[in-house]
Amino acid sequence: LKTVDSLGLGSLAGRGVKLHSVLPSAKAKDAFVTMRLLHTRALPIVDESGRLISQISASDLSLIFDQD
């Protein structure tokens, strides 16, 4: 199996590619709008120092609409 590094993943920021993320204080609606505009299905959630905390994905929409 190849490593993440050997596949060139996780290193796009070093090549001038803008990486998108959201802060935990972001409204879920804004995160979903960002995903739609970027044509992506998930975004990392990072703290103020840029450290990964979690992620939000399109499937998380079910948490909003499946509440009784």
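Select Ser57 and Ser59. Their side chains are joined by a polar contact of 2.9 Å. A polar contact is a pair of N or O atoms within 3.5 Å; within protein, one must be able to donate a hydrogen and the other to accept it, and residues adjacent in sequence count only if both atoms are side-chain atoms. This is a predicted model: local features need pLDDT of at least 70, side-chain atom pairs count only at pLDDT 80 or more, and totals for chains, interfaces and linings use all residues. Residues are numbered from 1 along each chain as its sequence is written, and side-chain values use heavy atoms, with hydrogens and water left out.

Stay on Ser57. It sits in strand S2, residues 52-57. Helices (H or I, at least four residues) and strands (E, at least two) are DSSP runs, numbered from the N terminus. Ser57 is buried, at a relative accessible area of 13%. Buried means under 20% relative accessible area, exposed over 50%, and partly exposed in between (1.4 Å probe, protein chains only). Now show what touches Ser57. Not counting residues up to four places away in sequence, you will find Phe32, Met35, Arg41 and Ala42. Contact here means heavy atoms within 4.5 Å.

**Helix H1**

Follow that list to Met35, which lies in helix H1. Is Met35 buried or exposed? Met35 is buried, with a relative accessible area of 3%. Leaving aside neighbours within four places in sequence, its contacts include Thr40, Leu43, Ile56 and Ala58. For a distance check, draw a line from Met35 to Ser21: C-alpha to C-alpha, they are 9.6 Å apart, and 14 residues apart in sequence.

Like Met35, they are buried in H1. The face turned away from the buried side carries the exposed residues Lys29, Arg36 and Leu37.

Step on to His39, in the loop between H1 and strand S1 (42-46). Check its backbone: phi is positive, about 55°, although His39 is not a glycine. Most residues other than glycine have a negative phi. His39 counts as exposed, at 74% relative accessibility.

**The loop between the strands**

Select Asp47, in the loop between S1 and S2. Its side chain makes a polar contact with the side chain of Ser49, at 2.8 Å. Which residues does Asp47 touch, not counting those up to four places away in sequence? They are Leu23 and Ile53.

**A surface patch**

Jump to Leu7, in the segment before H1 (28-38). Leu7 counts as partly exposed, at 47% relative accessibility. Together with Leu7 they form a nonpolar surface patch, with about 290 Å² of accessible area.

**Zoom out**

Show the whole protein. It has two helices and two strands. From the N terminus on, they run α-β-β-α. Of its 68 residues, 13% count as buried. Take contacts between residues at least 6 apart in sequence: 25% of them join residues at least 24 apart.

Methods: Patches are made of residues with over 30% relative accessible area and no salt bridge: like charges are joined within 9 Å, nonpolar side chains (Val, Leu, Ile, Met, Phe, Trp, Tyr) within 5 Å. Accessible areas come from the Shrake-Rupley method with a 1.4 Å probe; for residues, only the protein chains shown count as cover. A salt bridge is a side-chain nitrogen of Lys or Arg within 4 Å of a carboxyl oxygen of Asp or Glu.
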